[in-house]
Amino acid sequence: MSIALKSNVNLDIRSVEKVAKSVLPMICFREGSLPLPDVSNTSLKELVSLSNSSFEGAQILQNSEQCYPVPRNMTMKLTNEQISATVLYFGLFNGVGPTRTQSKMIVRGPSYSFAANITVEGCATSTMLGQYCNQTVEQLSCGLSRNNSGNGSASGFFNQSMVSCRNNFETSCLGDEEIMIYTLEILRIAEFLTISAENVRLRPLSSTGNVSGIDLICYARYGAMPSTTVHDYSGKLNTSPLVVNSPKVGQWYISILALNVSKVIGGSLSNVSKVCYSLELQELECPMGKAGPNCLFERYMLQTVLRKESTPFESYFLPYGEEVMFDAANFLLEPVLSNYSFGGVDTWTYFILDIPRGAAGGNLHIRLMSDRKINYEVYVRNGGLPSLVDWDFYYVNKSSSSHGSMFFVLYSSSEEKVDFYMLYVKEGVWNIALRHLNNTSGTSNGQTTMSISLERCPKRCSYHGDCRSALDASGLTSYSFCACDRNHGGVDCSIEIVSHQGHIWQSIALIASNGAAVLPAFWALRQKAFAEWVVYTVSGISSGLYHACDVGTWCALPFGVLQFFDFWLSFLAVVSTFVYLTTIGEVYKRAIHTVVTILTALMAITKATRSSNIILVMAIGALALLVGWLIEFSTKYRSLSFSMDLCSNTLESVWHVTIYTSSFFFLCSKVNTINSGNEGPSDGNYRLTGQDSLSRGS
């Protein structure tokens, strides 16, 4: 499997401890169920050895309760020696921890983009595995051999069944540092699995050397191919058999590695000689209804009862034969407990239930209640029987439990009540074991009830949030999460971030701050800017009503309507101030206001809370101011141009009139002079009379 992840995260891995957890982008991996982010100091310190360009896949997947900061580039290649044949979930988290959401108005923070490419390749046949599909895998042939009396005669059970498995060929031979892979499927719950090598010898038989000096090492792993570095169990078969107590149900892979063959044989035959052996596995299975050491204790398969009128996969579990009642998830423990006690040995009782495919996003809730002191320890394991040394989750007392795991939440721990959740349980078979401590002092008779249920949100989000359901990206798994209120956080909303009194004071301050709109409204009223006065006044009122609804005080209208009005009127108030600064006519102002109203309404109805709206509103206001100035300037320019033209025409008329008048007076004086010298007409002279006219240009 290859995973390539690219993001725009600019994070220095070496200084990751200095980054606030609330803004730390994380990537988490988990097999079989959905992950939860872990930001423990231990996991952060382990990141120093990781580079910013690649991760070791085995290191990531070995610990399912570890998460890692998202790098800018991550490439990861895993072989089938590093991953199991199961469902692998990985999640990306933008900030972790019980951060506070002040309101549902704005969830502000850094955002990251990423692109992932995942490629899964497999071998053509199941008999060939390995990184290059060149490793032969041999399927062991198994069969029921005989009944085994074992060491359980004290209990009276002698009908345990022994399943024997062998390699298909009589012997298998390996050279120095050669490896052979075998596979075995365990179908039922077994008490133990024994792996041994019989008839170990050299080939050819003429080879000299002591076979006891050869190391025949066995590696066993559940669900994936084992290697020298990644395995569940290991041992030297030439020294003693390898015993796996309470093996998980499913596919097991076993590898045999031969060492020191050449060293023991020596000589020229070392490169052709091999060590041969016969592999034998024995699987001890308990009879139906029995489990534990020597199959002494009771085992119950629980039936699944779906809850009525609930979300998918919500159910509770009861032993078969119990009366099924509506939402009656409790059953009495005393009638079903194992009654065997021999030599002061503590008794165990086992319950088996199944988590179906797609329900990995649910939470397993276990509760014990008694009218006396509870004298039980609880051990839980996925796939196999739990014990004192092999478990996934456990509870002993208030101070001893799986509280270190992020998937374990303990709510109540007292002498009469135990209440805990296992978050996002893996799909498959789960085994719950009750260890009844042997109390020699004796106790009074009492009743203890047990409740086992699969629920969506733990503790119903502690009644401080809403439980919401969703599907993962593949659409195959339904998971739930808590949407907490403004005062609480955490995976179950149980962490109080802001006190009730602090929330009240913050709400009063937030709502009362909108009274600042009185100042611009009063100023606009004094300036007789009635349109601006209406905008400022209504904007302040709508903002106060919106924030009152936002903090949960009172909603006069639906939240979406109040949010639209608040942002729209706020945008409009800013732009109206810019428009008011211009001195253009009302006709142009009305046109600009109409355009601005449409634009701000579109901004308020589509992503009103985005930060870029601040820049857009200022830009629109500045543009409106610029347009107003341009209109004002163009108007004054036209007025100036008209005045200049009028002045030019007037001067020209005055000049002509002056010319006309001067000519008139000149002609008149000329005529008068002529008339005064000669009273009669004379050739070459003219006399002006009242009937004559002086044309233009004469």
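Axes here are lines fitted to C-alpha atoms, for helices over the stretch in contact, and angles run from 0 to 180 degrees between N-to-C directions. This is a predicted model, in which local features need pLDDT of at least 70 and side-chain atom pairs count only at pLDDT 80 or more, while totals for chains, interfaces and linings use all residues. Residues are numbered from 1 along each chain as its sequence is written, and side-chain values use heavy atoms, with hydrogens and water left out.

I begin with two helices (DSSP runs of H or I, at least four residues, numbered from the N terminus). The axes of α6, residues 530–550, and α7, residues 559–581, come within 8 Å and cross at roughly 150 degrees. That makes α6 roughly antiparallel to α7 (the term applies to angles over 145 degrees). The residues of this contact comprise 14 nonpolar, 8 polar and 3 charged, where Asp, Glu, Lys and Arg count as charged, Ala, Val, Leu, Ile, Met, Phe, Trp, Tyr, Cys and Pro as nonpolar, and the others, Gly among them, as polar.

I turn to the aromatic rings. Across the whole structure, 21 aromatic pairs are found (rings of Phe, Tyr and Trp, the last by its six-membered ring, with centres within 6.5 Å). Such pairs join Trp348, Tyr350, Tyr379, Trp391 and Tyr394 into a cluster.

Finally, the salt bridges. The structure holds 8 of them (a side-chain nitrogen of Lys or Arg within 4 Å of a carboxyl oxygen of Asp or Glu). One links arginine 166 with glutamate 280, the closest N and O atoms being 3.4 Å apart. Arginine 166 lies in strand β10 (residues 160–166) and glutamate 280 in strand β18 (residues 274–285), so the pair ties together parts that are 114 residues apart in sequence; strands are DSSP runs of E, at least two residues.

Methods. Parallel < 35°, antiparallel > 145°, perpendicular 65-115°, else oblique. Phe/Tyr/Trp six-rings, centres within 6.5 Å; stacked < 30°, edge-to-face > 60°.
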